[in-house]
Amino acid sequence: MSTPVIGVLALQGDVREHLIALAAADAVARAVRRPEELAEVDGLVIPGGESTTISKLAHLFGMMEPLRARVREGMPVYGTCAGMIMLADKILDPRSGQETIGGIDMIVRRNAFGRQNESFEAAVAVEGVEGDPVEGVFIRAPWVESVGAEAEVLATHEGHIVAVRQGNALATSFHPELTGDHRVHGLFVDMVRANRTPGS
């Protein structure tokens, strides 16, 4: 089977780190900024950054509706931190005018773990990731307040939901791209491969 082509939404945030992690997980990684680039990838990562800025830039670059359409059509998508917020069907405390792509039936609270100076690392056991717990880097991280019936909780930290999957959509509160441990990206690459397999 050919190597999957996975994009990283390159409007704002830690794009380079995701490109490196995806390449290490045996995918062809590309920066995606425009609808025509989105049309050429098998899956997409929405990186951390500032969710309101990503939302505004997605509109500015004409990306919001193409993103929503591809997620609705079942394109595998993975959001970290701000990317998790972008994949939520509802934000508990949105800023004025803030919109999401949606795709996961969950309610997310922005900056739930605190401000930048309250960032921390913690070991997180993620369902579907074999071996030791993942080292989670939490930077102004959200958490998931609640999930709908279709969404599967993959990890919690101190009683709060920090990783969720619904169909071809995956989201984590933390940043695995910053640790050198590429197992979560490997999980997502496997999701993309499965989606490209005929009859899967």
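## Terms and model

Helices (H or I, at least four residues) and strands (E, at least two) are DSSP runs, numbered from the N terminus. This is a predicted model, in which local features need pLDDT of at least 70, side-chain atom pairs count only at pLDDT 80 or more, and totals for chains, interfaces and linings use all residues. Residues are numbered from 1 along each chain as its sequence is written, and side-chain values use heavy atoms, with hydrogens and water left out.

## Three annotated residues

An unreviewed UniProt entry lists C81, H175 and E177 for "active site". UniProt positions are given in the numbering used here, feature names are shortened, and annotations may be inferred rather than shown by experiment. The three residues span 97 residues in sequence, yet no two of their C-alpha atoms are more than 11.1 Å apart, so they gather at one spot.

## E177

E177 sits in the loop between β12 (169-172) and α6 (183-196). Is E177 buried or exposed? Its relative accessibility is 6%, so E177 counts as buried (buried means under 20% relative accessible area, exposed over 50%, partly exposed in between, with a 1.4 Å probe and protein chains only).

Beyond residues up to four places away in sequence, E177 touches D14, E17, H18, A21, T80 and H185. Contact here means heavy atoms within 4.5 Å. The side chain of E177 also makes polar contacts with those of H175 (2.7 Å) and H18 (3.4 Å). A polar contact is a pair of N or O atoms within 3.5 Å; within protein, one must be able to donate a hydrogen and the other to accept it, and residues adjacent in sequence count only if both atoms are side-chain atoms.

H175 lies in the loop between β12 and α6. H175 is buried, at 5% relative accessibility. Its side chain makes a polar contact of 3.4 Å with the side chain of D14.

C81 belongs to the loop between β4 (77-80) and α5 (82-87). C81 is buried too, with a relative accessible area of 4%. Among the residues C81 contacts, leaving aside neighbours within four places in sequence, are G48, I139, T172 and H175.

## Nonpolar cores

A nonpolar core is a set of buried Ala, Val, Leu, Ile, Met, Phe, Trp, Tyr and Cys residues joined through side-chain atoms within 4.5 Å. The largest has 34 residues, and L38 is one of those with the most contacts inside it. Its largest share, five residues, comes from α5. A second, separate core has 31 residues, including V15, Y78, V184 and L187.
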